[in-house]
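My notes follow in the order in which I looked things up.

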Amino acid sequence: MKTAIVTDSNSGITQSEAGELGIFVLPMPFMIDGQDYYEDINLTQREFYEKLQEGSDISTSQPSPESVMKLWDQVLKDYDEIVHIPMSSGLSGSCQTARMLSEDYEGKVEVVNNQRISVTQRQSVLDARKLAERGMEAEQIRKYLEDTRFDSSIYIMVDTLKYLKKGGRITPAAAALGTLLKLKPVLQIQGEKLDAFAKARTVKQAKSIMMTAIARDMEQRFGDKEGENIHIFIAHTENEAAALELREELQAMFPKTGRIHIDPLSLSVSCHIGPGALAIACAKALS
């Protein structure tokens, strides 16, 4: 069987990278001041943050059923089956929509609900590609990715409370108090939800909290204290210099892990937390 891997731009994989990897990426749609935009098509990272900081009205959406089916139909001209890896079902309805649409494809499309986003979703795509190269069929790949869906962690330091308040995730009073106290909340994504994890007063303290949390997960949840069989990632929102500095710290902390990958955080998450954020993530490597 010739198996294609399809994902969405929440994975951080650009259209050009998709071509190099031999996979397919659905661009995520955004509505900005009443106009439609598509990530990495007519909306760059730079343009997104400019509009965000200008106070533009930004809302996220999911790919239309028509765009999903159009891509699938095109891909199935050259492939026998598809593994489709959307963003976490807890953060978007796109996974459930894709599952309903796949019912009309007579088993040729397997939609993965492994509750990943951003750099961990990207790793799922790379793992799926490798499993397909090993000869696994789409249904087996989906089952593997879903069975290992909790083998990852993400911790995110938020630089400003402005966007959490705007999105209704915290109250105006809590945002005002947090701003007064100069808090740097640390959020986590474990499975479906983006949840509060800890509060820090400084960026240094927030980084320490995230690094300690990742180290604990690697040792206690994944049984790999030194990270020999763990992928470590960094994601950020308009914060590349800090991300590069953090990579040096993490490489020194986990010298036995591979090269730490850095990506901009998914825009679908970024619009809720704003610029200046920094995230550390990890995922167990394929056996």
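In which loop is Gln 115 found? I found Gln 115 in the loop between strand 7 and helix 5. Helices here are DSSP runs of H or I with at least four residues, strands are runs of E with at least two, and both are numbered from the N terminus.

Before going on, I noted that this is a predicted model, in which local features need pLDDT of at least 70 and side-chain atom pairs count only at pLDDT 80 or more, while totals for chains, interfaces and linings use all residues. Residues are numbered from 1 along each chain as its sequence is written, and side-chain values use heavy atoms, with hydrogens and water left out.

**Entry: two positive phi values**

I looked up phi for Gln 115 and got a value near 55 degrees, which is positive in a residue other than glycine. Most residues other than glycine have a negative phi. Gln 115 is buried, because its relative accessible area is 11%. Buried means under 20% relative accessible area, exposed means over 50%, and partly exposed is in between, with a 1.4 Å probe and protein chains only.

Asp 40 also has a positive phi, near 70 degrees, and is not a glycine. I found Asp 40 in the loop between strand 4 (35–38) and helix 2 (45–53). Asp 40 counts as partly exposed because its relative accessibility is 35%.

**Entry: helix 3**

Which residues of helix 3 are buried? In helix 3 (residues 65–75) I listed Val 68, Leu 71, Trp 72 and Val 75. Seen down the axis of helix 3, these buried residues fall within an arc of 100 degrees, so they line one face of the helix. The arc is that of the directions from the helix axis to the C-beta atoms. An α-helix has 3.6 residues a turn, so residues three or four places apart point the same way.

The face turned away from the buried side of helix 3 carries the exposed residues Glu 66 and Lys 70. I then checked what the buried residues of helix 3 pack against: strand 1 (3–8), strand 2 (24–26), strand 6 (81–85), helix 4 (94–102) and strand 7 (109–111). Contact means heavy atoms within 4.5 Å.

Gln 74 lies in helix 3 as well. Gln 74 counts as partly exposed because its relative accessibility is 47%.

**Entry: helix 3 against helix 4**

The axes of helix 3 and helix 4 come within 11 Å and cross at roughly 55 degrees. Axes are lines fitted to C-alpha atoms, for helices over the stretch in contact, and angles run from 0 to 180 degrees between N-to-C directions. Helix 3 and helix 4 are therefore oblique to each other. Angles under 35 degrees count as roughly parallel, over 145 as roughly antiparallel, 65 to 115 as roughly perpendicular, and the rest as oblique.

From helix 3, Pro 65, Val 68, Met 69 and Trp 72 make the contact, and from helix 4, Thr 97, Ala 98, Leu 101 and Ser 102. I sorted the contact of helix 3 with helix 4 by class and got 6 nonpolar, 2 polar and no charged residues. Ala, Val, Leu, Ile, Met, Phe, Trp, Tyr, Cys and Pro count as nonpolar, Asp, Glu, Lys and Arg as charged, and the others, Gly among them, as polar.

**Entry: helix 5 against helix 6**

Helix 5 (residues 118–133) and helix 6 (residues 138–147) have axes that come within 10 Å and cross at roughly 140 degrees. That makes helix 5 oblique to helix 6. Ser 124, Asp 127, Ala 128, Leu 131 and Ala 132 of helix 5 meet Ile 141, Tyr 144 and Leu 145 of helix 6. The residues of this contact divide into 6 nonpolar, 1 polar and 1 charged.

**Entry: two buried residues**

Is Ser 152 buried or exposed? Ser 152 is in strand 8 (residues 152–157) and counts as buried because its relative accessibility is 8%. Leaving out residues up to four places away in sequence, Ser 152 touches Arg 116, Thr 120, Gln 190, Arg 221, Phe 222, Cys 282 and Ala 283.

Ala 213 is in helix 9 and counts as buried because its relative accessibility is 1%.
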